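User: I have a chain open and would like to go through it with you. Could you begin with the overall fold and then turn to individual residues?

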Amino acid sequence: MAQVSLDDKRKHKEAGDFFMTGKTHFRNKDMHAAVESFTQAIMLRPEKAEYFYNRGNCYNKMGETQKALLDYSMAIRIDSKTAAFYEHRGMCYKKLGNFEESVKDYTNAIKLESGNGNFYYNRAISYMCLNPPDYDKALDDYDLAVKLSTAKYRPLFNRGNCLRKMGRVAESITD
């Protein structure tokens with residue numbers, strides 16, 4: 001029994017070391033090496049959501065959106081209480097043109113962290129990309145994004161575009 005405990009401690013330490021090495025590679029923009037390190041960490045501790053999330057970030061930076069989506073989904077399966085996991089998977093769905101799923105993920109992120117203007121901003125973009133677009137919901141989200149965000153340019157600009165598409169040109173000019 002004590003041997004298992006020591007083995008678990010060794011695995012935890014090794015996984016943590018691989019994880020920290022992966023973060024260093026990521027900071028140094030060496031995504032391939034970061035993916036390798038995060039994969040090693042995952043092999044040792046597959047129950048760690050943050051390992052999948054960080055590898056997903058690497059895949060996302062590498063333009064491998066489908067792989068990133070799978071890793072974010074795995075992170076969510078392990079830990080469904082972290083808003084950033086939903087946010088990043090929502091970005092992947094948006095890149096892949098699956099705006100319905102993107103809206104769902106941003107909605108889940110908002111449920112977990114309602115004060116984040118970026119979540120409303122990105123959900124608004126997804127609402128505008130639906131077929132047909134839902135400009136009313138997008139406008140509501142842009143309003144919240146403007147209210148909650150410190151950087152207001154993007155939400156204001158896109159809210160103006162939304163108003164223009166709704167035929168409310170005079171209002172769009174003020175944004």
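Analyst: This is a predicted model. The secondary structure of the chain consists of 10 helices and zero strands. In sequence order the pattern reads α-α-α-α-α-α-α-α-α-α.

User: What radius of gyration does the chain have, against a compact globule of 175 residues?

Analyst: The chain has a radius of gyration of 20 Å, whereas a compact globule of 175 residues would have one near 16 Å. Along the principal axes, the C-alpha atoms fill a box of roughly 70 × 30 × 30 Å.

User: How much of the chain counts as buried?

Analyst: Of the 175 residues, 42% count as buried. The chain exposes about 9,800 Å², and carbon and sulfur atoms supply 53% of that area.

User: And the contacts in the chain with a separation of 6 or more: what share comes from residues 24 or more positions apart?

Analyst: Residues 24 or more positions apart account for 43% of those contacts.

User: Changing topic to charge. How many positive and negative side chains are there?

Analyst: There are 28 positive and 23 negative side chains, and the centres of the two sets lie 2 Å apart.

User: Now Asp105. Where is it, and is it buried or exposed?

Analyst: Asp105 is located in helix 6, which spans residues 99-112. Asp105 counts as buried because its relative accessibility is 1%, and the cut-off for buried is under 20%.

User: Which side chain makes a polar contact with Asp105?

Analyst: That of Arg89: a polar contact of 2.7 Å joins the two side chains. Leaving aside neighbours within four places in sequence, Asp105 is in contact with Tyr86, Arg89, Gly90 and Tyr93.

User: Lys111 is in helix 6 as well. Buried or exposed?

Analyst: Lys111 is exposed, since its relative accessible area is 64% and exposed means over 50%.

User: Let us move to the backbone. Which peptide bond is cis?

Analyst: The bond from Asn131 to Pro132 is cis, with omega near 0°. Pro132 is found in the loop between helix 7 (117-129) and helix 8 (135-148).

User: What about Lys29: what is its phi?

Analyst: Lys29 has a positive phi of about 65°, although it is not a glycine. Lys29 is placed in the loop between helix 1 (2-27) and helix 2 (31-44).

User: Why does Lys29 count as exposed?

Analyst: Lys29 counts as exposed because its relative accessibility is 68%, and the cut-off for exposed is over 50%.

User: Is Asn158 buried or exposed?

Analyst: Asn158 counts as buried, because its relative accessibility is 16% and the cut-off is under 20%.

User: And how far is Asn158 from Asp175, C-alpha to C-alpha?

Analyst: Asn158 and Asp175 are 8.7 Å apart in space, C-alpha to C-alpha, and 17 residues apart in sequence.

Methods:
Residues are numbered from 1 along each chain as its sequence is written. This is a predicted model: local features need pLDDT of at least 70, side-chain atom pairs count only at pLDDT 80 or more; totals for chains, interfaces and linings use all residues. Side-chain values use heavy atoms; hydrogens and water are left out. Helices (H or I, at least four residues) and strands (E, at least two) are DSSP runs, numbered from the N terminus. The radius of gyration is taken over C-alpha atoms; the globule rule is 2.2 Å times the number of residues to the power 0.38. Buried means under 20% relative accessible area, exposed over 50%, partly exposed in between (1.4 Å probe, protein chains only). Contact means heavy atoms within 4.5 Å. Accessible areas come from the Shrake-Rupley method with a 1.4 Å probe; for residues, only the protein chains shown count as cover. Lys and Arg count as positive and Asp and Glu as negative; His and the chain ends are not counted. The place of a charge is taken as NZ of Lys, CZ of Arg, CG of Asp or CD of Glu. A polar contact is a pair of N or O atoms within 3.5 Å; within protein, one must be able to donate a hydrogen and the other to accept it, and residues adjacent in sequence count only if both atoms are side-chain atoms.
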